[in-house]
Amino acid sequence: MQRFVPEGYQFNDHFRVDATDAYWPAASLNFFEASKDYGELVGSFRVLPMPEETLAAGLWVSSEHRRKGIGTQLVRNVIGRYGNHDIRLKVNPFEDKPVTLHALIRFYAGLGFLIDKSYKAAPVVMVRRAW
C-alpha cells in the first residue's frame with residue numbers, strides 16, 4: 001500500500017521480541033520502521049498479529065521528522081500487510097513533543113479507523129475493519 005514514500009526515507013519491517021515493550025514484553029512483534037538516509041531511525045509502529053485481529057501500538061515519529069508523511073506511510077504499510085483482519089489500536093500520545101489526543105484521533109480517522117466504544121477501560125481505542 002505504498003502510495004507515497006517520502007523522499008530520502010526507507011521503510012522496512014521485521015519481527016523481534018522486545019522485553020522492555022510496555023504492552024507486549026514477551027511477544028514476537030512486527031516492527032514497522034522508517035529510517036533516514038543511511039540508518040537513522042526516525043519512526044516506528046509496533047504490531048501484534050493475532051488469528052482474529054491485529055493489535056497496533058506506539059506509532060512514533062521523531063519530532064524533527066514529523067509532518068512529512070512518515071507516520072501516515074507507517075500506518076499504510078501496516079494496513080497493507082494486515083488489512084485482511086481488523087486492526088485495533090489504543091490512541092496514546094507520546095510525551096517527547098506531544099500531539100493532542102484529538103489530533104491523533106483525526107489522524108487515524110483519516111486512515112479509516114473508527115472509535116471503538118466497546119472498550120470502556122481505555123481512554124480511546126480505534127479499529128479499522130477488515131477489507
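**Predicted model: surface, fold and cores**

**View 1. Overall fold.** The chain contains 2 helices and 7 strands. Read from the N terminus, the order of elements is β-β-β-β-α-β-α-β-β. The C-alpha trace spans about 40 × 30 × 30 Å along its principal axes. A compact globule of 131 residues would have a radius of gyration near 14 Å, and the chain agrees with this, having 14 Å. Of the 131 residues, 45% count as buried. Among contacts with a separation of 6 or more, 53% join residues 24 or more positions apart.

**View 2. The largest nonpolar core.** This core has 26 residues, and Phe45, Tyr108 and Phe113 touch the most other members. At least two residues each come from strand 1 (9-17), strand 2 (28-36), strand 3 (40-49), strand 4 (53-61), helix 1 (70-82), strand 5 (86-90) and helix 2 (101-109). Helix 1 gives the most, with 6 residues.

View 3. Leaving out residues up to four places away in sequence, Phe45 touches Asn30, Phe31, Phe32, Ala56, Ala57, Gly58, Leu59, Leu74, Val75, Val78, Leu89 and Tyr108. Another core, of 7 residues, lies apart from the largest one. Its members include Trp24, Leu29, Phe31 and Ala57.

Notes. Residues are numbered from 1 along each chain as its sequence is written. This is a predicted model: local features need pLDDT of at least 70, side-chain atom pairs count only at pLDDT 80 or more; totals for chains, interfaces and linings use all residues. Side-chain values use heavy atoms; hydrogens and water are left out. A nonpolar core is a set of buried Ala, Val, Leu, Ile, Met, Phe, Trp, Tyr and Cys residues joined through side-chain atoms within 4.5 Å. Buried means under 20% relative accessible area, exposed over 50%, partly exposed in between (1.4 Å probe, protein chains only). Helices (H or I, at least four residues) and strands (E, at least two) are DSSP runs, numbered from the N terminus. Contact means heavy atoms within 4.5 Å. The radius of gyration is taken over C-alpha atoms; the globule rule is 2.2 Å times the number of residues to the power 0.38.
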